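Here is a short report on one protein chain. Please look over the sequence and the model before reading on.

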Amino acid sequence: MSYGLVMFGCVVSNEAFEHWCENCGKREILTPGEAFQAGWDFPPRMGVWGVISPRTCGDCGIETTLWWALQSDELTMDDPMSWPENRRQSLAWFLNEAEQHQRR
Ligand SMILES: [Zn+2]
């Protein structure tokens, strides 16, 4: 029975929340369905909360994302304090979104 409740807790909510594009900085309040239609790469349809992955709007590519910088060895997780300011802001976003969304 408790397992069923856990499963229910994982059902994708259709509430709107703030989406954020790492590349152009656009912010929009969208539901997961609206975001998917508009081409956003964003959880819960794309990626997982609190895990570094591309976070972009429908107009932008993933080559400028923190995820890409890590994949291409431009940056490493060993020393985030040495990253450029904008990369540290991206990391802060991922940590913050984990707090905000994983509790739902
Ligand atoms: Zn964008």
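**Overall fold**

The model is predicted. Its protein chain has four helices and two strands. Along the sequence they follow the order α-β-β-α-α-α. Of the 104 residues, 16% count as buried. Take the contacts between residues at least 6 apart in sequence: 38% of them join residues at least 24 apart.

**The hairpin**

Strands β1 and β2 run antiparallel and are joined by four bridges. β1 covers residues 17–20, and β2 covers residues 27–30. E18 stands opposite I29 in β2. The two strands form a hairpin, with six residues between them. G25 sits in that turn and has a positive phi of about 80°.

**The core**

Which residues make up the largest nonpolar core? There are six: C21, A35, W40, F42, C57 and C60. C60 also has contacts that reach back along the sequence. Leaving out residues up to four places away, C60 touches C21, N23 and C24.

**E97 in helix α4**

E97 is found in helix α4. Is E97 buried, partly exposed or exposed? A residue needs 20 or more C-beta neighbours within 10 Å to count as buried. E97 has 19 inside 10 Å, so E97 counts as partly exposed. Setting aside neighbours within four places in sequence, E97 is in contact with W49 and G50. The C-alpha atoms of E97 and V51 are separated by 9.3 Å. Along the chain, E97 and V51 are 46 residues apart.

**Backbone details**

A cis peptide bond joins P43 and P44. Its omega is about 0°. P44 lies in the loop between α2, residues 32–37, and α3, residues 66–71.

D73 is found in the loop between α3 and α4, where α4 spans residues 85–101. The phi of D73 is near 65°, a positive value in a residue other than glycine.

| Site | Angle | Value |
|---|---|---|
| P43 and P44, peptide bond | omega | about 0° |
| D73 | phi | near 65° |
| G25 | phi | about 80° |

Note on methods. Residues numbered from 1 in each chain as written. Predicted model: local features only at pLDDT ≥ 70, side-chain atom pairs only at ≥ 80, totals over all residues. Buried ≥ 20, exposed ≤ 12 C-beta atoms within 10 Å, placed from the backbone. Contact = placed C-beta atoms within 7 Å. Core = buried A, V, L, I, M, F, W, Y, C linked by C-beta atoms within 7 Å. Pairing = 2+ DSSP bridges.
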